[in-house]
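Here is a quick briefing to read with the structure open next to you.

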Amino acid sequence: MLCEILVQSLLWLLASINFLTPANVAALEVSVLPGQAIPESTTIANTSDVADPSTLSARAFEAKGYTFNCDDAKYGHTLDVDDCLGALDRIINSRASVTFADRDLTIERPEWDPLPWRWMGGRSSCYIEPVLKSGAQTGRTSFYKIREAAYELVTECALRQRKGGTVTGLGGYCGDNNVEITVGRYVQGELAVKCGRRKEVLETCRDLLISMPVTTQDQRFGPKGDSKAEVILPWGMMSHDDRCILKILTINRQGESDVSSWYKAWEAVNAVYYGCISKGFRGSFQGLGEPSV
C-alpha cells in the first residue's frame, strides 16, 4: 500500500501503523513525548492475569433481561476470549449516567460521549464497542451497565459459541435501551501490530481516536499530483495539547495512490493504541489499504 499514517509527538517517535503491499511499504506512526509518568487512572490490561475463561459461566451475572445475537458472519468467529476479557477490563466501573451520540451531535453537546468508540485487549484482536440502536440519535446508560452486559456477551457468544455478537436490553437504572454492545474479532492480517522500544504513555494520544475522521466510504488517498485523489497527502492533525500528531503520508516513489476509508484507519489506530501505546511501547501496524485503479 502507498499510504503512511503517522501519529507522533513533535520530538519523539513511539509507534507506527504501516500500510503496505508486497512491492510498496508505508507506515502509520503513533508517537508520544517521553518523560511522562503513566497516570494512575490508566488501565493497562494484562491478559495473563485474567481469570481462566472456562470459569466465566460459573461466575456469570444473574439474568438481567439481556438479548443476545451471536453472529460470526458479521462479528467474526473463534474470538480470543482472553483478549476480550482484557478489553472488558478497560471499561470503568462507574454507575453515573452517560449519554452516547454520533460525533456530529456531540460538537454541540460536549458533555455527551462521541461514537464510534471501542475498547480492545492487549493483543488488539478483540474489541468491545457501544453502538446506538437503529434509528436512535442518542443512547443513555452507564459504564457499569456496559461492563456488566459486555461480560454476559463475552460469556454467551465469545466463550460458549466462539462467535462475536451483540447484546441489547441495557435499560433499567440510567438506561433507555438505545445502547447496544458488540463484541467482535479484529482481523489484523498477516503483518499485524508490532511493538518496538518501550516509552512512557501519553494519554492525550487518545484525542486522536475521538477526533480523527471515521467515515466508512472508500476514498482515494494520494499525493497532490494525483488529480483523482480525494484526500491529499500529506495530511495531519494534532491532539489538543499539540504533543501527538497524526499524519498520513505517501512514500511510494511512483506517486501512486491507495484506496481505503477513514474508518479503517481509525480501527488501525485503535489497534496500535491498545496493543502498544497504552502499554508504553512504540509499535506498528501493517496491511491496510488497497492499490487504486
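A residue counts as buried under 20% relative accessible area and as exposed over 50%, with partly exposed in between. So Asn 177, with a relative accessible area of 38%, comes out as partly exposed. Keep in mind throughout that this is a predicted model.

- The mean pLDDT of the protein chain is 77, and 74% of its residues get to 70 or more.
- In secondary structure, the protein chain has six helices and 19 strands.
- Out of 293 residues in the protein chain, 54% count as buried.
- The accessible surface of the protein chain is about 13400 Å², and carbon and sulfur atoms hold 50% of that.
- If you take the contacts in the protein chain with a separation of 6 or more, 77% of them come from residues 24 or more positions apart.

- Helix 2 is mostly covered, with eight of its nine residues buried.
- Those buried residues are Val 81, Asp 82, Asp 83, Cys 84, Leu 85, Gly 86, Ala 87 and Leu 88.
- What do the buried residues of helix 2 pack against? Their partners are strand 7, strand 8, helix 4 and strand 11.

**Helix 2 meets helix 4**

- Helix 2 (residues 81-89) packs with helix 4 (residues 143-161) at an angle of about 175 degrees, and their axes are 10 Å apart. That angle makes helix 2 roughly antiparallel to helix 4, because the cut-off for that label is over 145 degrees.
- From helix 2, the residues in this contact are Val 81, Cys 84, Leu 85, Leu 88 and Asp 89. From helix 4, they are Arg 147, Ala 150, Tyr 151, Val 154, Ala 158 and Leu 159.
- By type, the residues of the contact of helix 2 with helix 4 split into nine nonpolar, no polar and two charged.
- An α-helix has 3.6 residues a turn, so residues three or four places apart point the same way.
- Is Thr 155 buried or exposed? Thr 155 is buried, since its relative accessible area is 1%.
- Thr 155 and Val 81 are 74 residues apart in sequence, but 8.7 Å apart in space, C-alpha to C-alpha.

**Two buried strand residues**

- Thr 166 is part of strand 10, and with a relative accessible area of 9% Thr 166 is buried.
- Which residues does Thr 166 contact, leaving aside its neighbours within four places in sequence? They are Thr 67, Phe 68, Asn 69, Tyr 75, Leu 153, Ile 181 and Thr 182.
- Thr 166 and Ile 128 are 38 residues apart along the chain, and 9.6 Å separates their C-alpha atoms.
- Phe 221 belongs to strand 13 (residues 219-223) and is buried, at 4% relative accessible area.
- Between the C-alpha atoms of Phe 221 and Thr 250 there are 8.5 Å, while the two residues are 29 residues apart along the chain.

- Most residues other than glycine have a negative phi, and most peptide bonds are trans. The spots below go the other way on one count or the other.
- Leu 115 and Pro 116 are joined by a cis peptide bond, with omega about 10 degrees. Pro 116 is in the loop between strand 6 (113-115) and strand 7 (119-120).
- Another cis bond runs from Leu 233 to Pro 234, with omega near 5 degrees. Look for Pro 234 in the loop between strand 14 (231-233) and strand 15 (235-238).
- Ser 124 has a positive phi, near 55 degrees, in a residue other than glycine. Ser 124 lies in the loop between strand 7 and strand 8 (126-132), and counts as buried at 0% relative accessibility.
- Asn 177 is not a glycine either, and has a positive phi of about 65 degrees. Asn 177 is found in the loop between strand 10 (165-168) and strand 11 (179-185).

Definitions and conventions:
Residues numbered from 1 in each chain as written. Predicted model: local features only at pLDDT ≥ 70, side-chain atom pairs only at ≥ 80, totals over all residues. Heavy atoms only, no water. pLDDT = per-residue confidence, 0-100. Helix = DSSP H or I, 4+ residues; strand = E, 2+ residues; numbered from the N terminus. Buried < 20%, exposed > 50% of the residue type's maximum accessible area, 1.4 Å probe, protein only. Contact = heavy atoms within 4.5 Å. Areas by Shrake-Rupley, 256 points an atom, 1.4 Å probe, with all protein chains shown as cover. Axes fitted to C-alpha atoms, helices over the stretch in contact; angles between N-to-C directions. Parallel < 35°, antiparallel > 145°, perpendicular 65-115°, else oblique. Nonpolar A, V, L, I, M, F, W, Y, C, P; charged D, E, K, R; others polar.
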